[in-house]
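This report describes selected local features of a single model. The sequence and structure are shown first, and the discussion follows.

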Amino acid sequence: MRSMTISGAAAVCGGRLVGYTGEDRPIGRAVIDSRQVQPGDLFVAYRGEKADGHSFIAGALESGAACCLAEYLPEGVSGPAILVGNVQKALEDICTAYRTGLHIPVIGITGSVGKTTAKEMISAVLSQHMNVLKTEGNLNNRIGVPMTVSRIEEEHQAAVIEMGISGFGEMTALARIAQPTIAVFTVIGHAHLEFLHDLDGVYRAKTEMLGFLPKDGTVIYNGDDAMLRRLDCPQRLISYGLGEDCLVRAVDIEQLPSGRTRCRINCSGRSINAEIPAYGQHMVYAALEGAAAGFAMGLSDAEIEAGIAAYKTVGRRGVVTDTGYITLVDDCYNANPDSMRCAIDSLMKLPGRHVCVLSDMREMGSNSPEMHRELGEYALERGIDFAAAYGPMSKYLAEAMGSRAAYFETRDELIAALPELIRKGDSVLVKASLGMHLEPAADTLKTLTEKK
């Protein structure tokens, strides 16, 4: 935020500047971890559940922070600091004002599933033509979005910002800060139903973003999603998907034995050959999102192709590994009914016996037992050979699958049983909501070898 000074930040958030008498200085990134402070940064002192950031103000200043944003100063610390009544609101005010002064395209990405994958793919494509800033990791909430905006500097020609919510009004807060010029909607699915109640609620909450898009902005949306086909707004609409009526459409899809995915993407007479270095039909949608953003921003076919090929999988999102014993699909990062079904569909395209190692989909609300039961029925219909599951909700999934499933009371019991359940040549999907901590199961599967 080099164009924002300490006094300017204090003014826009209504804060009181203390302990600062020198020449007014520009501030850099907003940082909430004092260990990551670099000279010139703005250290933001949040009161967290486990720690109070105010306790680390002195250390942040010693590391070179230009200033601290805080609600109080600990004894013995004199600043410089901007003191406010609410650190969260003040940070949002500062970053909103900073974003208003920027004149670059900002791509805001939301949806019930696939946001981070879309962010990485779109960034990979646009980076073939311009200097792009993107959200780090999955910092997509009311702390992460302003932090991302604060990192935009003069050299950046575009920003790709992931925007995640779990309740009504949250997207309004995020969109006010990010002020996107292009909105990307991945899918309206069964996520955070505990707070958003139903698909109509998810749709209303996600599309709050549209109220902050300029009239000459662009909306890129999944044209295969029944809810998103309802979009009616003054901005330019670009649909993507597999359906014949989608403007940006994928055809000739191939799932390669290597775990890569290949397809052709057509748009208004243009056609590109996409080779995606990742597994699953959901990656076709990610490539479509990247291509649609590239088309919208004037990239050439060659640049779009190169960007899709440059995509790199983030974390444990559908990582395919040939262990020498099995084909492992490590998708431990998150889960909801839509992403589970997509993962099962993609698993069925891999060779060998098809096995799922699963746990609960969280935040599904009062219908969670039925959703898990329906997922078990779907796995049966699609031809899954066997499933191993643990978690209070996954009991319903296992019951639906009958003799083709085994249920375990604990994760440790499930992991201990894997060597006997898994056979050489199997293709195994490991997937659950992040809070179920199924990563050790995937790690164990990587170590399996032929029994002697």
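How many cavities of 30 Å³ or more does the count come to? The count comes to 1 cavity, where a cavity is a set of points on a 1 Å grid over the protein atoms alone at which a 1.4 Å probe fits but cannot get out. The model is predicted, so local features need pLDDT of at least 70 and side-chain atom pairs count only at pLDDT 80 or more, while totals for chains, interfaces and linings use all residues. Residues are numbered from 1 along each chain as its sequence is written, and side-chain values use heavy atoms, with hydrogens and water left out.

## Cavity and pocket

About 30 Å³ of space lies in the largest cavity, a volume being the space filled by probe spheres set on grid points that are joined across faces, edges and corners. Its lining is made up of Ile 253, Glu 254, Gln 255, Thr 261, Gly 280, Gln 281, Val 284 and Lys 349, where lining residues have an atom within 4 Å of a point. Strand S12 (248–255) and helix H9 (281–296) are the elements that give two or more residues to this lining. S12 gives the most, with 3 residues. Helices (H or I, at least four residues) and strands (E, at least two) are DSSP runs, numbered from the N terminus.

The second largest pocket has a volume of about 420 Å³. A pocket is an open set of points with protein on both sides within 12 Å along at least five of seven lines. Of the 15 residues that line the second largest pocket, Tyr 46, Gly 48, Glu 49, Lys 50 and Ala 51 lie nearest its centre.

The table gives the composition of both linings.

All 5 of the 5 residues of strand S18 (residues 386–390) are buried, so the strand is largely enclosed by the rest of the structure. Buried means under 20% relative accessible area, exposed over 50%, and partly exposed in between (1.4 Å probe, protein chains only). In a regular strand the side chains alternate between the two faces of the sheet. In S18, Phe 386, Ala 388 and Tyr 390 point one way, and Ala 387 and Ala 389 the other way.

S18 pairs in the parallel sense with strand S17 (residues 354–358) over 4 bridges; two strands pair if DSSP finds at least two bridges between them. Within this pairing, Val 355 has Phe 386 as its bridge partner in S18. Strand S19 (residues 405–408) also runs parallel to S18 and is joined to it by 4 bridges, with Ala 389 standing opposite Tyr 407.

S17, helix H12 (residues 368–382) and S18 make a right-handed β-α-β unit, and S18, helix H13 (residues 394–401) and S19 make a right-handed β-α-β unit. A crossover is right-handed if, with the strands pointing away from the viewer, the path from the first strand over the helix to the second runs clockwise.

## Packing helices

In helix H14 (residues 411–421), Leu 414, Ile 415, Ala 417 and Leu 418 are buried. The buried residues of H14 pack against S17, S18, S19 and helix H15 (439–446), contact meaning heavy atoms within 4.5 Å.

Helix H11 (residues 337–347) has 8 of its 11 residues buried, so H11 is largely enclosed by the rest of the structure. Among the buried residues are Pro 337, Met 340, Ile 344 and Asp 345. The buried residues of H11 pack against H9, strand S16 (327–331), S17, H12 and strand S20 (427–431).

Ala 60, in helix H2 (residues 57–62), is buried, with a relative accessible area of 0%. Ala 60 touches Ser 34, Val 37, Phe 43 and Ala 65, not counting residues up to four places away in sequence. Ala 60 and Phe 43 are 17 residues apart in sequence and 6.6 Å apart in space, C-alpha to C-alpha.

## Backbone exceptions

Most residues other than glycine have a negative phi. Asp 252, in S12, has a positive phi of about 55 degrees and is partly exposed, with a relative accessible area of 49%. Ser 268 has a positive phi of about 50 degrees and lies in the loop between strand S13 (261–267) and strand S14 (270–276). Ser 268 is exposed, with a relative accessible area of 64%.
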